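User: I'm new to this one, so could you walk me through a few features?
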Amino acid sequence: MTEEELSTCIQRATRGAQDAHRELYQRFHGSVRRAALGYSALGPAEVEDVVQETFVRAFRELPRLQHPRAFGSWLVTIARHHAQALSRGAQVRGRAVEDLALELETTTPAHPPFLELERRVAVVRELIEALPEGPEKETVRLFYLEGELSAREIAERLGLGKSAVTMRLERFRARVKRELLARLLAAGVG
């Protein structure tokens, strides 16, 4: 399209000739699309929005265009401005979504703390009940379920050395850790 043909087409489009709008669109939509594709934050639908919005704005503002030969670069400038605005919006939305997800992840536990504690206490109770009757079960029951006696006091009550009570409690703690880990793994957590 020569400069004179472009000028005539723009004049006709300014007066509302639809065939002139179509001709300008066909002639320049490739360069507008390439300008929009330069913004990596934009997806295909957003690139198409940039193309459409660029031509809508350009055709609306066509009477202001003083130099018809600048039409192509004017279109690309409109496209870049619109693409930048969309790209900035997409980046801000992306960061907001990431920030919200991180905030939820760090501030919202999977279960409220009191429920998590109750769940762990229930596991400990189950494990204590599952122990065979005997000195280990009695030691653990006194320490964890009654919860008021120290290891030394339990040793005195059962007629044992403190080290024997401590060893029984350590064995039980190891059993609780293994059981909790097994339950977490079975539930797909971790």
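User: How many residues apart are F71 and W74 in helix α4?
Analyst: F71 and W74 are three residues apart in helix α4 (residues 71–107), which means that about one helical turn separates them; helices here are DSSP runs of H or I with at least four residues, numbered from the N terminus. This is a predicted model, where local features need pLDDT of at least 70, side-chain atom pairs count only at pLDDT 80 or more, and totals for chains, interfaces and linings use all residues. Residues are numbered from 1 along each chain as its sequence is written, and side-chain values use heavy atoms, with hydrogens and water left out.
User: What kind of aromatic pair do F71 and W74 form?
Analyst: The structure holds four aromatic pairs, and the one formed by F71 and W74 is tilted, at 6.0 Å centre to centre with 50° between the planes. Rings of Phe, Tyr and Trp (its six-membered ring) pair if their centres lie within 6.5 Å, and planes under 30 degrees apart count as stacked, over 60 as edge-to-face and the rest as tilted.
User: Is F71 buried or exposed?
Analyst: F71 counts as buried at 0% relative accessibility, whereas W74 is partly exposed with a relative accessible area of 22%. Buried means under 20% relative accessible area, exposed over 50%, and partly exposed in between, using a 1.4 Å probe and protein chains only.
User: Which residues do ring pairs link into a cluster?
Analyst: Ring pairs link Y25, F55 and F59 into a cluster.
User: Where does the charged end of R27 sit?
Analyst: The charged end of R27 sits over the ring of F28, 5.2 Å from its centre; this requires NZ of Lys or CZ of Arg within 6 Å of the ring centre and within 35 degrees of the ring normal.

Note on methods:
Helices (H or I, at least four residues) and strands (E, at least two) are DSSP runs, numbered from the N terminus.
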